[in-house]
Amino acid sequence: MIESNFGNLSKISWTRSSRTDKGVHSLCTVISMKMEVPEAAWVNDMDGFALADNINFHLSPFIRVFGITPVTRSFRARHDCCTRTYDYLLPAAILGIHPDTVPSQVEQRVTKFRSLLHLFEGKHAYHNYTIRRLYRPFPEKPYKSRLNDRNDNDTSNERTDKPSTTTSSIELDFLDEEDIMEELPDVLASELVDEMVSIFAEDSRRGDNELERSTFTLPGGNVTDLKAWWLPTPNESDKVWSSHFRKVISFNCGMPETFGEAQFIRISITGSSFMVHQIRKMIGTAIAVFHGLLPGDVIPISLARHSRIVLPLAPPDGLILVSNDFMPFRLPSVHPKKSDIEPNKPPALRIQEKHPKLEMSSAVRERVDEFCANVLMPDISPLISAKSSNWSIWIMNLERNVKIPESEIAEVRAAWTEWREQSVRLRQMKNQINHHVPDLSQNDRVLES
């Protein structure tokens with residue numbers, strides 16, 4: 001890195017494949033940047049272990065660079081990462097599974113919990129599983145870019161200035177923080193950082209285990225405390241935006257595993273991207289439903305964009321980012337040869353299959369597995385043990401605070417049922433209309449003949 005670029009991450013195009021909540025661990029965060037590297041750096045060292053070890057010499061033993069590899073000029077770790085996979089190590093005792101539990105009961109409990117996890121799969125509005133205000137547009141505040149300011153002062157420039165940009169057009173996505181900082185001017189970017197810092201400072205004072213009732217203004221103007229309510233019409237002060245919609249590709253769990261004295265259930269979740277607290281709130285909600293503290297239909301109800309439900313947040317200790325999957329590198333278009341063409345296959349797919357993508361080699365995977373076994377697991381195994389005080393306190397607070405008054409959940413359930421039935425009726429009417437509308441293109445052909 002040249003000296004003039006030191007200390008300014010934007011100058012070296014620094015991006016990372018994902019962010020994690022405070023207290024969450026990572027085994028595969030991918031970072032991309034522009035660096036000056038010796039030409040022979042990867043000769044007989046395709047995974048860049050020598051470069052990685054030079055960096056590791058200056059790092060804490062709890063932070064390791066596993067490998068370094070060159071990529072295309074256009075590669076950006078965050079933009080090109082298409083899926084992320086997390087593991088959550090849940091103490092088996094939370095599901096009532098102990099070393100002396102008979103196998104039939106173990107399988108029954110794991111199957112029941114797995115069925116709850118599957119309810120989250122698909123593309124839904126996960127606004128109830130995050131800090132909603134972090135994913136709304138930044139407050140509207142017109143500003144001119146620094147480029148426009150320079151153009152205003154330059155009378156010789158005949159180009160027309162671009163219209164002023166408003167921050168209302170930029171949706172705040174916590175995973176995309178670095179992109180937002182690039183788009184906003186310095187003053188608004190600092191305001192945005194201050195807002196996020198104040199939000200997390202407030203959450204830290206409140207504590208992860210504490211559940212609060214939400215203050216909501218009813219249409220009549222009365223303010224009340226609720227844990228669950230339904231918004232039949234959009235509320236500008238609590239609106240669900242496109243950034244609240246995410247896709248969970250798979251959500252599964254296996255049979256109990258052990259590490260030292262810790263017995264745990266490995267929960268695996270894969271998705272395109274996740275919001276802050278999303279995974280931990282989904283797991284916390286599944287645990288509450290498993291123990292009967294929340295009704296079974298609270299999961300599908302909470303995924304409807306009109307619902308507002310206060311849900312529990314599981315501890316961060318067992319959450320680990322374990323893998324990323326990237327799109328193929330963007331290379332110049334290449335027309336396939338006739339000999340390469342396979343029947344019944346679109347040309348775009350044929351070309352894409354020939355493009356390489358960033359993947360972890362077996363040698364790098366060995367380094368990751370070694371770090372996990374020798375450093376990460378010994379560090380977190382006491383935290384995922386049944387004897388962990390964090391989990392004991394969390395379960396106690398869950399039993400004390402998570403229950404929703406029956407009157408509130410019954411009202412929300414009735415509104416949700418009516419909304420679903422209405423959606424089904426509208427879909428059926430649309431299908432009937434489409435079925436009876438004639439094919440105009442076919443009629444045209446008949447008339448022409």
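This is a predicted model: local features need pLDDT of at least 70, side-chain atom pairs count only at pLDDT 80 or more; totals for chains, interfaces and linings use all residues.

Colleague: Where does Arg132 sit in the chain?

Modeller: Arg132 is in the loop between strand 5 (122-125) and strand 6 (142-143).

Colleague: Is Arg132 buried or exposed?

Modeller: Buried. Its relative accessible area is 17%, and the cut-off for buried is under 20%.

Colleague: And how far apart are the C-alpha atoms of Arg132 and Ser243?

Modeller: They are separated by 9.8 Å. Along the chain, Arg132 and Ser243 are 111 residues apart.

Colleague: Let's zoom out. How many helices and strands does the chain have?

Modeller: The chain has 13 helices and 15 strands. It has 449 residues, and 39% of them count as buried.

Colleague: Now the helices. How do helix 3 and helix 7 cross?

Modeller: Helix 3 covers residues 103-118 and helix 7 covers residues 278-290. Their axes come within 10 Å and cross at roughly 130°. Helix 3 and helix 7 are therefore oblique to each other. Their crossing is right-handed.

Colleague: Which residues make that contact?

Modeller: Helix 3 brings Arg109, Lys112, Phe113, Leu116 and Leu117. Helix 7 brings Ala286, Ile287, Val289 and Phe290. By class, the contact of helix 3 with helix 7 has 7 nonpolar, no polar and 2 charged residues.

Colleague: At what angle do helix 7 and helix 11 pack?

Modeller: About 65°. Helix 11 covers residues 389-401, and the two axes are 11 Å apart. Helix 7 passes helix 11 in a right-handed crossing.

Colleague: Which residues make the contact there?

Modeller: Gly284, Ile287 and Ala288 come from helix 7. Trp391, Trp394 and Leu398 come from helix 11. The contact of helix 7 with helix 11 splits into 5 nonpolar, 1 polar and no charged residues.

Colleague: Which helix does Lys281 lie in, then?

Modeller: Lys281 lies in helix 7. With a relative accessible area of 14%, Lys281 is buried.

Colleague: What does Lys281 touch?

Modeller: Asn128, Tyr129, Thr130, Leu311, Pro312 and Leu313, if you skip residues up to four places away in sequence.

Colleague: Last topic: backbone angles. What should I expect for phi?

Modeller: Most residues other than glycine have a negative phi. Asn44 is not a glycine, yet its phi is about 60°. His277 is not a glycine either, and its phi is near 75°.

Colleague: Where are they? Start with Asn44.

Modeller: Asn44 is in the loop between strand 3 (31-32) and helix 1 (49-56). His277 is in the loop between strand 13 (262-271) and helix 7.

Colleague: Buried or exposed?

Modeller: One of each. Asn44 counts as exposed, at 81% relative accessibility. His277 is buried, with a relative accessible area of 10%.

Methods. Residues are numbered from 1 along each chain as its sequence is written. Side-chain values use heavy atoms; hydrogens and water are left out. Axes are lines fitted to C-alpha atoms, for helices over the stretch in contact, and angles run from 0 to 180 degrees between N-to-C directions. Helices (H or I, at least four residues) and strands (E, at least two) are DSSP runs, numbered from the N terminus. Angles under 35 degrees count as roughly parallel, over 145 as roughly antiparallel, 65 to 115 as roughly perpendicular and the rest as oblique. A crossing is left-handed if the near helix is turned anticlockwise from the far one by less than a right angle, and right-handed if clockwise. Contact means heavy atoms within 4.5 Å. Ala, Val, Leu, Ile, Met, Phe, Trp, Tyr, Cys and Pro count as nonpolar, Asp, Glu, Lys and Arg as charged, and the others, Gly among them, as polar. Buried means under 20% relative accessible area, exposed over 50%, partly exposed in between (1.4 Å probe, protein chains only).
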